[in-house]
Amino acid sequence: MNYKCIDLKYGKLHLIQTKKFRSINIKILLKEEIKKEDITKRNFLTDYLILTTKKYKTKKELALKIQELYSLYVSSYNTRVGSYLITRFNLSLLNPKYTEDSMLEESISLLHEIIFNPNVKNNQFDTKIFNILKHDILTEIETVKENPKLYSMVKMLENMDSSMPYAYHGYGYLEDLEQINEKNLYAYYKEFLTRSLVDIYVIGDFEEEKMISLIKEKLNFKTLKKEKKNIYITHNKINKKIKKVIEDSTFNQSKLAIGCKIKDLTDFERKYVINLYSMILGGGFNSKFMQIIREKKSLAYYINSSVNKADNLLLIQSGISYQNFEKVISNIQKIMKSIQKGDIKELDLEDVKTEYLSILEETYDNIDSIVENYIAADLLDLDDYETRKEMVKKVNINDIIQVSKKVQIDTIFLLKGDTNEKD
Amino acid sequence: MKKINFNNLDQELYYFTLKNGLRVYLVPFLNKKNYYAILGTKYGSMDIEFLNNEGKKVKSPYGTAHFLEHKMFEQESGVDPFKFFSKSGVNANASTTFNNTRYYIWGVNKIEENISYLLDFVFSPYFTDSNVQKEKGIIKEEILMYEDDPEWALDDTMRKNLFYYLPVKEKIAGTVESIQEIQKEDLYNAYNTFYNPSNMYLVIGGNIEVEKLEKLIKNHEKLNSIKKIEKITRKEYQEPSDVKEEFKELFMNVTVPKIRFSTKVKESNFQDFSKIEINMYLGIIMSSLFGSTSDFKEYVTNERLTTGFYVEKNNFDSYLTIDITAESDKADILIEEIKKNLKNIKIKKADFERIKKVWIASEIRMIDNVELTVDNIYSDLILYDDVYVNRIELIKELDIKKLNKFIKCLDLTNQSLVMVLPKNK
């Protein structure tokens with residue numbers, strides 16, 4: 001594998017050469033500081049761009065073109081990472097070795113068409129398609145309540161601090177949706193293209209010169225380079241007394257979401273120790289949560305923890321019966337305290353390190369995870385593959401104990417199941 | 001051990017059968033670090049009534065296959081299989097469907113030790129009154145979790161609508177009530193019948209050395225000590241062609257109504273077609289009628305008749321179902337459109353050829369992925385009892401005349417509808 005980063009006028013081009021795969025993938029990332037009022041607009045915009053273009057007016061026409069190019073995979077979506085909103089356009093094509101020589105250029109041209117040549121007339125987007133999409137997005141926002149796992153997590157984060165980016169709804173807001181029309185969305189599109197930082201990642205087996213010139217020709221963004229802002233979110237205050245919120249629902253099962261704030265990690269802790277700590281706590285079947293709360297006490301089918309580095313949060317989720325709520329909470333607290341007191345075996349740490357290394361190695365078998373690794377390293381300022389392999393081995397029990405003291409439960413949210421539930 | 005080439009794409013498949021009947025498939029990848037292995041048995045939630053290993057007729061409570069899958073992870077030795085695998089950073093999991101139960105591991109380290117242990121633990125049942133009792137609490141939470149999910153409710157209710165007798169009409173995990181009935185004897189009856197190597201497959205792919213694995217499997221003590229069962233007798237069901245119920249509505253936590261529209265199709269209607277041909281031609285028809293380039297899709301999108309629309313094909317024993325799922329607040333109109341679209345099916349030559357091109361491209365991509373390749377081999381074995389390594393050729397051979405003949409045999413009139421409506425309205 002061979003990595004090369006080239007400066008473009010508007011951002012960076014990252015080229016990853018490898019002969020391991022039969023496809024070539026291109027990912028374009030456009031990022032800027034997140035504003036709550038941008039989220040719904042941005043979701044609308046990225047959906048619109050991928051649904052219709054000047055040349056391929058309807059979804060059907062575009063789908064036909066995509067299939068003609070040997071079934072390209074084209075997608076777009078938005079994510080929030082810390083204080084940034086990131087829009088992605090992804091393209092995956094079969095290596096032209098297996099199809100036709102012209103496919104590389106044709107595929108990139110289609111990506112150009114999607115991003116730079118939207119379906120616009122009289123300075124506004126197409127009304128018919130706009131309305132179809134608006135209806136879809138409205139449904140999507142309204143149906144979040146149907147997903148108790150997602151809904152409980154969203155409500156927990158809102159209760160933690162509704163003014164912080166981590167509490168923003170990634171799926172958008174109804175009141176913002178109402179304000180969007182064909183005209184102002186087009187105006188937003190033009191703005192968006194000029195103010196985002198751009199990174200383009202290309203991975204596969206390709207001719208470098210040809211690729212660079214195609215990218216320069218077809219993906220010519222106009223952004224001026226901007227200063228990078230800090231992506232990490234830090235916490236000013238942590239609730240001394242845990243905030244506990246219970247909301248009624250008519251689901252059978254109660255859904256538990258717990259948010260823990262992480263404070264003052266050192267660089268080493270942020271890059272390595274916090275991952276291992278979360279893996280020991282609730283990272284899988286062998287984690288303390290699963291072994292004690294599921295296997296020993298039969299209180300849940302699943303209970304897990306995960307780290308959101310950019311937000312400095314550790315999140316815990318489980319599905320439980322309401323009558324076991326207090327029992328589950330006290331077990332979680334007991335487990336977290338026991339680690340702080342040093343109740344952790346050398347063997348447990350060795351196991352999660354092996355798992356960490358194994359996951360790291362496996363990412364190199366999948367074309368997408370390789371790119372995602374480069375992206376994450378760049379966004380979050382993480383180490384490269386080789387360094388990570390060496391550094392994670394250095395984590396010791398004391399490091400885990402120190403980190404465990406920097407993680408504190410802040411907010412507990414329970415979406416309470418119907419108490420008439422079956423026993 | 002024999003060797004065949006995979007779709008002429010420099011990818012080899014090795015296979016052999018043990019004396020006790022276990023069929024083994026090995027796919028070495030040249031440029032991967034990881035490996036993925038599935039050990040599976042043709043035993044799932046629908047295998048309720050059968051003759052046990054003493055020839056006695058038995059009937060298990062619903063949910064026994066899934067319960068048994070959970071209990072395989074408790075070993076008499078006290079070793080926890082998940083813990084064992086995780087020592088070398090390897091993951092393990094298992095899943096149960098209507099017609100099979102699979103145990104699978106994936107990772108990068110110590111392949112021989114881990115394959116050997118996979119065979120050890122799946123061939124070492126240990127069921128006691130107390131460990132069976134303990135599992136009931138965990139599985140109850142699992143069932144409650146699924147019961148809250150409208151898509152699961154559509155699935156479960158539709159199968160109840162479609163089938164009179166075939167036990168696929170029941171939930172895979174059983175119900176909160178039925179799992180209370182499960183005793184260790186039920187688990188042993190099922191285990192001793194269906195977890196026989198002659199009823200099982202082992203598929204391993206990725207960064208593997210085939211000769212070493214062949215030796216390991218052929219010399220595995222526990223595995224090779226098990227004697228072959230010549231014949232497994234399952235109850236046969238006289239399932240009618242029509243559907244049991246044509247309609248059912250449910251009330252759940254949804255904002256927009258969700259629908260499932262299914263048709264029940266009997267395989268024996270297609271006398272001149274092999275099982276794989278039936279599946280492929282039906283796949284072509286579904287893509288062309290409901291896919292992203294269909295007139296239907298364009299119409300329902302433009303008229304805002306639906307969001308979240310998708311179509312699947314499922315195989316249940318000697319039946320196929322075409323299952324359409326959609327969100328819609330104009331369900332009546334949408335269903336009329338679906339019904340209209342299923343009548344007088346005509347496929348254009350250009351559409352037919354384009355779908356073939358798309359399928360070939362996805363076959364080539366598939367071989368970049370160890371998990372997908374292994375999964376597809378395993379699925380072929382469960383469905384066809386054979387592996388189709390020449391898929392690309394089969395796709396190329398699909399023929400429009402044969403398709404038209406197929407359409408003539410296709411009876412899509414056995415239809416059923418399930419709707420999930422908002423609770424509060």
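User: What joins strand β4 of chain B to strand β9 of chain B, and in which sense do the two run?

Analyst: Seven bridges join β4 (residues 35–41) to β9 (residues 200–206) of chain B, and the two strands run antiparallel. Strands here are DSSP runs of E with at least two residues, while helices are runs of H or I with at least four, and both are numbered from the N terminus. Two strands pair if DSSP finds at least two bridges between them, and therefore β4(B) and β9(B), with seven, count as a pair. Within this pair, I38(B) stands opposite V203(B). This is a predicted model in which local features need pLDDT of at least 70 and side-chain atom pairs count only at pLDDT 80 or more, whereas totals for chains, interfaces and linings use all residues. Residues are numbered from 1 along each chain as its sequence is written, and chains are lettered from A and ligands numbered from 1 in the order in which they are written.

User: How do you know which helices pack on the sheet, touching β4, β8 and β9 of chain B?

Analyst: Two residues are in contact if their C-beta atoms, placed from the backbone, lie within 7 Å. Helix α3 (residues 111–122) of chain B packs on the sheet by touching β4, β8 (101–107) and β9 of chain B, and its direction makes about 15 degrees with that of β4(B). Helix α13 (residues 370–384) of chain B touches these strands and also β3 (23–28) of chain B, with a direction at about 160 degrees to that of β9(B). Such angles run from 0 to 180 degrees between N-to-C directions, the axes being lines fitted to C-alpha atoms, for helices over the stretch in contact.

User: Why do β1 and β7 of chain B stand at the edges?

Analyst: The open sheet has seven strands in the order β1-β2-β3-β9-β4-β8-β7 (chain B), with mixed pairing. β1 (2–5) and β7 (91–96) of chain B each have a single partner strand, so one side of each is left without a neighbour in the sheet. From one strand to the next, the twist averages 15 degrees.

User: How do you know that the span of helix α12 of chain B is close to the one expected?

Analyst: The expected span is 1.5 Å times one less than the number of residues. Helix α12 (residues 349–366) of chain B has 18 residues and reaches 26 Å from its first C-alpha to its last, close to the 26 Å expected.

User: Which residues of α12(B) are called buried, and what covers them?

Analyst: A residue is buried if 20 or more other C-beta atoms lie within 10 Å of its own, exposed if 12 or fewer, and partly exposed in between, with C-beta atoms placed from the backbone. I355(B), W359(B), I360(B), A361(B) and R365(B) are the buried residues of α12(B). Their cover includes β3 and β5 (84–94) of chain A, together with α9 (275–290) and α14 (391–397) of chain B.

User: What makes up the domain assignment of chain B?

Analyst: The bounds come from an automatic or database domain assignment, which gives domain 1 (2–224) and domain 2 (247–422) of chain B. Their C-alpha centres are 28 Å apart. The contact takes 33 residues from domain 1 of chain B and 32 residues from domain 2 of chain B. On the side of domain 1 of chain B that touches domain 2 of chain B, α5(B) gives the most, with seven residues.
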